[in-house]
Amino acid sequence: MSAGYMKKIRGAVISLFVLAAQPAWAEYGLNMPEGVTPLSRNIYDLHMLIFYICCVIAAVVFGVMFWSIFRHRKSRGVKAAQFHHNTTVEIIWTAIPMLILVLMAIPATKSLILIESTGDSDLTIKVTGHQWRWHYQYIEEDFGFFSSLAPESNEARQLKSGIDPGEIENYLLEVDNPVVVPVNTKIRFMTTASDVIHAWWVPALGWKRDSIPGFINESWAIIEEEGTYRGQCAELCGRDHAFMPIVLKAVSEDEYYDWAGDMMVAVMDAEAGADREWAMDELMERGEQVYSTFCVACHQVNGMGIPGAFKPLVGSPVTTGPLDGHIDTVMNGVAGTAMAPFGMQLNDVDVASVITYERNSWGNDLGDLVQPSMIAERR
Amino acid sequence: MSYAETHEHHHDDHDHKPTGLGRWLFSTNHKDIGTMYLVFALIMFFIGGAMAMVVRAELFQPGMQYVDPQFFNAMTTMHALVMIFGVIMPAGVGLANWMVPMMIGAPDMALPRMNNMSFWILPFAFTMLLATFFMEGGAPAGGWTMYPPLITQLGDGFPFLIFTVHFLGVSSIMGAINIIATIFNMRAPGMGFMQLPLFVWTWIITAFLLIASMPVLAGAVTMLLTDKYFGTSFFIAAGGGDPVMFQHIFWFFGHPEVYILILPAFGIVSQIIPTFSRKPLFGYESMVYATAAIAFLSFFVWAHHMFTVGMPLAGELFFMYATMSIAVPTGVKVFNWIATMWRGAMTFETPMLFALSFVFLFSIGGFSGLMLGITPADFQYHDTYFVVAHFHYVLVTGALFALMGGAYFWLPKWTGHMYDEKLGQLHFWLSVISVNVLFFPQHFLGLAGMPRRIPDYAVQFTEWNMISSVGGFVFGISQLLFVWVIIKCIREGKKADEQVWEGARGLEWTLPSPPPFHTFTIPPKVDEATAHS
């Protein structure tokens, strides 16, 4: 265990016993963040209101209980009373909680109506959960991209990686492509999923929403402060559930339009070259990139998979068998397993290159060269 | 009227108790079957606990140190399945087997052979479930809630999971039918429904919940099975199905299920508190009605487990109001327990300590439950460690603590020996302190943004996870002491008398400790003094 951890442990032990050291607690996060949207503040206020009401009730109820425990004990020589019924108090302690609940329900109802008012948005982003990354589609501008765990975090989170997570900035909360939005704009998020159920959650926005295959859920946010806000998938979605974070960058409107322009160009670049012949080295290089983004989580860097959970690609009947079968598996997935239909996520060049890479790596040496045009034919 | 007076002419010493393995394999005796249920629950408690230790070890610090994420998910999933279906439920049924006939003056359960079968299904069902660890694809890792489509990605273990659930359902339903048949038909003369001890009442209601909800679960998992193997698309969106429908069906079972876990605990606590307060239970009738109200309402609140799936506003409002309303009867129960203590003459033996900590800590779980029921706030809390903290407060310091209190309470009756009071209290204090170190910080983690069911986390969550893990290890080790107390009690505890506890009232305390193999072969007469406490 590194020195950093010894320090953390010491910190943890100290904070456990020194309850009075108030300022030291702030950095650990004790409470819900207030967030940066009207909704998140509304929810925060509601949370605090209910919490305080609970505290008052607890103080009264537990107060009576401990008073009784201290006063009405046999060792003090008291004699037990034998009363066992009183309809009046039963009615009182049924009615008072009801009243308190009605008082709680009023602000909660108002808040809920506000949350569900998703109309009149200026920008719509479709968020699609995949095992295990997010895809963002900007509906009005018509471009989209994948957002995956940043490579530094991904390296450090491997079993027994030997890398101290404390050394990595924003460990597990950093992505390659953050989702960028303008501030002070009503953004509508439409969440869905391609394989299993995920949940898109940025605490600073105040809510999470399940992203479910076959469903489109709507939520909204008006972000009032520029900044970078981080979140995670909140619904168990398989092996790498912990490793598909969300990074949301709220920027000024001008910055946003610059970024969106760049993204549209970048998306066009990525799709370029689908109609030309590719050389082996080009395909292998591109294939390795695609593999290390989309395939490595299950099939591993060495192509050996994880015994009992994910199949190996080395010498497997798919990667060393007929090419058609291999293309079919990658494009259409395998039903009832974690093997997703990647034909929907990847463009022709990506599919062609990753198949070429798989058939010519880790000792697989079929020499096959798959051209993007072969993939286009099968679409 | 004491047991000896009515049974003078009887020869309980010669009651032909079978011997050897056959005594247990073919048992139709409610006491032996109760013992088997309790021992089984205790064994499973350590198996499920070992899985929790793996979880807490991996979460001790950020980074992946010990297990693959897939195995971690299997640990959380199997921990839940084992603890719910293998520990809390069988322990509750075990107590019902032992105590219900003795409390209502019946010679045995109404359907003794079925009783044998409903127990013996369990070891086979769990062997099947645990065997999935050694199968291609590993043990279930999609969460105990088995949400599709994720759960259908499970490998060869999948059908074994489904059939395990079927078996557990069959076992539970048979147990429930037996309990209802016993209580409805075999009460001693003079014991009306409103004279039943509250533990018996909570079991009537629990049994009806079981019969109503377990078939729903069986239906849901059968649909999963046909979706994976027989080409149906109940829950597959691409085939026109609806993945959210599974969640609705599952939680229509699942919410009554949480009351199946907690109502017997309410019953136990309602026996212990009057005994050690030396005062009758306050508001007996309102306790019965509150329990029934909780059970009734439990069928109308299921969707609060899934507020974030995207329901229409009207649905969200309905389930929020219904959920909040459960706080009323639950509050009534807590107030009645406290009113029972009020102006009593309390002593604090181990069962009472567990019961008091139950009232205190279960209430904390109740408060966080109320917070979770507020839909807008749930959009933040949902699927975070705040939820994990909440349900461990109600299930560990709630259900489990009550069961342990019950075990200490009735151990002298079962074995005829007192347990070691000092060791029992040591077990209590170690448990109650460590369990709070374990679960209280998880409230903070959840509010600060840590999702549940993750094997690795961002570094700002390190401190609270370390504290929580330390609490977990201490809690885990402390439970070995419980086993030692039981063994010591059986082997060398000092002799217990009939009454055992000064304030104990009810038929079970008129029997010798330990009770003979067959009791109440002649029904006792019930009067005010021997009826409920």
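Good morning. The model I am presenting is a predicted one, in which local features need pLDDT of at least 70, side-chain atom pairs count only at pLDDT 80 or more, and totals for chains, interfaces and linings use all residues. Residues are numbered from 1 along each chain as its sequence is written, while chains are lettered from A and ligands numbered from 1 in the order in which they are written.

Let me begin with the backbone of chain B. Helices, here and throughout, are DSSP runs of H or I with at least four residues, and strands are runs of E with at least two, numbered from the N terminus. Met146(B) has a positive phi of about 55° although it is not a glycine. Met146(B) is buried, with 24 other C-beta atoms within 10 Å. By buried I mean that 20 or more other C-beta atoms lie within 10 Å of the residue's own; exposed means 12 or fewer, and partly exposed is in between, with C-beta atoms placed from the backbone. The loop between H5 and helix H6 (157-185) also holds Pro149(B), which a cis peptide bond joins to Pro148(B), with omega about 0°.

Elsewhere in chain B, phi of Arg278(B) is near 55°, again a positive value in a residue other than glycine. Arg278(B) sits in the loop between helix H8 (243-277) and H9 and is buried, with 22 other C-beta atoms within 10 Å. Another cis peptide bond joins Ser513(B) and Pro514(B), with omega about -5°; Pro514(B) is in the segment after helix H16 (462-492).

Is Leu111(B) buried or partly exposed? Leu111(B) is partly exposed, with 18 other C-beta atoms within 10 Å. Its place is the loop between helix H4 (69-104) and helix H5 (112-131) of chain B. Neighbours within four places in sequence aside, Leu111(B) is in contact with Asn178(B) and Ala181(B), where contact means that the C-beta atoms of two residues, placed from the backbone, lie within 7 Å.

I turn now to helix packing. Two packed helices are described by the angle between their axes and the distance between the axes. In this work axes are lines fitted to C-alpha atoms, for helices over the stretch in contact, and angles run from 0 to 180 degrees between N-to-C directions. In chain B, the axes of H12 (350-373) and H15 (421-448) come within 10 Å and cross at roughly 10°. H12(B) and H15(B) are therefore roughly parallel to each other. Angles under 35 degrees count as roughly parallel, over 145 as roughly antiparallel, 65 to 115 as roughly perpendicular and the rest as oblique. The residues of this contact divide into 4 nonpolar, 6 polar and 1 charged. Nonpolar here covers Ala, Val, Leu, Ile, Met, Phe, Trp, Tyr, Cys and Pro; charged covers Asp, Glu, Lys and Arg; the others, Gly among them, are polar.

In chain A, the axes of H7 (280-299) and H9 (348-359) come within 7 Å and cross at roughly 95°. H7(A) and H9(A) are therefore roughly perpendicular to each other. Their contact divides into 9 nonpolar, 3 polar and 3 charged residues.

Finally, the two chains together. How many residues of chain A are in contact with chain B? There are 92 residues of chain A in contact with 89 residues of chain B. The largest share of the chain A side, 14 residues, comes from H4(A). By class, the side of chain A that touches chain B has 52 nonpolar, 25 polar and 15 charged residues.

Helix H4(A) spans residues 87-115 and reaches 42 Å from its first C-alpha to its last, close to the 42 Å expected at 1.5 Å a residue; the expected span is 1.5 Å times one less than the number of residues. Its buried residues include Trp93(A), Leu101(A) and Met104(A). The buried residues of H4(A) pack against elements of both chains, among them H3 (38-71) of chain A and helix H10 (313-325) of chain B.

That concludes my presentation. Thank you.
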